[in-house]
Amino acid sequence: SIKITPDWVRNRKNTGEKIAALTVVDYPTAKILDEAQIPLLLVGDSLGMVTLGYEDTTKVSLNDMLHHVRAVARANVKALVVADIPFGWNREAEKALYCSRKLYEAGAEAVKIEGGKEVGQIVKLLISQGIAVMGHIGLMPQFLGQPPKYRKYGIDEKEKKQIIDDALFLSRLGVFAIVLEALDEAVAAEVTRLIEVPTIGIGSGKYCDGQILVFHDLVGLFPWFRPKFVQPKLNMALLIKEAAIAYKKEVQSGL
Ligand code: KIV
Ligand code: NA
């Protein structure tokens with residue numbers, strides 16, 4: 001079985017084969033998802049909420065990211081391992097490069113950065129230094145502000161135009177894919193038609209070249225907050241609770 005590369009992901013645009021991506025935070029899950037032949041595993045900064053209990057992704061440190069990237073890297077997956085550049089590291093080129101190198105040393109094979117035109121210089125520098133970059137536009141959790149305002153992006157003409165411009169700009173700089181988060185479905189479809197690299201959607205409708213979900217949402221492991229577009233395939237929270245209750249009964253009954 002051959003290793004998935006950023007170019008493999010980029011080339012899905014030509015084959016029309018849809019990309020099913022998931023987030024991952026630990027070693028056993030990385031092994032399992034790799035056995036399921038998920039081709040792209042993102043160590044996303046959503047780990048701040050779903051595994052570390054932070055309120056939002058702005059609290060995630062580079063060390064938090066490195067800890068989880070190392071765990072995932074130990075699984076030696078066939079999948080491409082992408083890591084988020086966390087908040088505080090992605091608005092200055094030299095810092096973003098330092099951060100990306102640390103993520104690579106930890107085992108990442110590509111990085112993802114939130115932003116459009118405003119991260120142009122950074123994306124250029126990273127790519128020139130051999131870092132594979134994935135874009136992320138539309139809803140950008142690191143820049144939502146407090147309290148976070150979750151909403152659809154690209155509804156009004158001005159925002160729609162900016163999103164399309166940002167997507168074209170990033171794809172021309174050489175990112176190998178772009179995450180489209182919470183875009184109006186028609187806008188996501190238009191971006192997908194216009195750019196030469198795959199779009200990976202989350203809450204952006206069915207016309208993207210691929211989809212990504214937070215693993216914990218897929219399996220119902222973070223039931224306290226469930227985005228509207230997610231249809232959990234499992235109720236892990238309930239299964240774990242039932243197992244713990246059964247175990248407690250067993251212990252208490254002296255068996
Ligand atoms: O951190 C994350 O989970 C992401 C996604 C695109 C789902 O950035
Ligand atoms: Na993220």
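Lys206 and Glu185 form a salt bridge, with their closest N and O atoms 4.0 Å apart, a salt bridge being a side-chain nitrogen of Lys or Arg within 4 Å of a carboxyl oxygen of Asp or Glu. This pair links distant parts of the chain, since Lys206 lies in the loop between strand 7 (199–202) and strand 8 (210–213) and Glu185 in helix 8, 21 residues apart; helices (H or I, at least four residues) and strands (E, at least two) are DSSP runs, numbered from the N terminus.

This is a predicted model, in which local features need pLDDT of at least 70 and side-chain atom pairs count only at pLDDT 80 or more, while totals for chains, interfaces and linings use all residues. Residues are numbered from 1 along each chain as its sequence is written, and side-chain values use heavy atoms, with hydrogens and water left out.

**Salt bridges**

- The structure holds twelve salt bridges, and one of them joins Glu118 to Arg91, with the closest N and O atoms 3.9 Å apart.
- Glu118 sits in the loop between strand 4 (110–114) and helix 6 (120–128), whereas Arg91 sits in the loop between strand 3 (80–84) and helix 5 (93–106), so that the pair links distant parts of the chain, 27 residues apart.
- Lys160 and Glu190 also meet through their side chains in a salt bridge (3.4 Å, N to O), which links helix 7 (residues 157–173), where Lys160 lies, with helix 8 (residues 185–194), where Glu190 lies, 30 residues apart.

**Exposure of the paired residues**

- Lys206 counts as exposed at 54% relative accessibility, and Glu185 is partly exposed at 31%, where buried means under 20% relative accessible area, exposed over 50% and partly exposed in between (1.4 Å probe, protein chains only).
- Glu118 is partly exposed, with a relative accessible area of 44%, and Arg91 is likewise partly exposed at 34%.

- The largest pocket has a volume of about 1,000 Å³, a pocket being an open set of points on a 1 Å grid over the protein atoms alone, where a 1.4 Å probe fits, with protein on both sides within 12 Å along at least five of seven lines, and lining residues having an atom within 4 Å of a point.
- Of the 44 residues that line the largest pocket, Leu139, Tyr150, Glu181, Phe225 and Pro227 are the closest to its centre.
- The second largest pocket holds about 270 Å³ of space, and among its 17 lining residues Gln211, Ile212, Leu213, Leu218 and Phe229 lie nearest its centre.
- Strand 1 (19–23), strand 7 and strand 8 each give two or more residues to the lining of the second largest pocket.

Conventions:
Chains lettered and ligands numbered in written order. Points joined across faces, edges and corners; volume = space filled by probe spheres on them.
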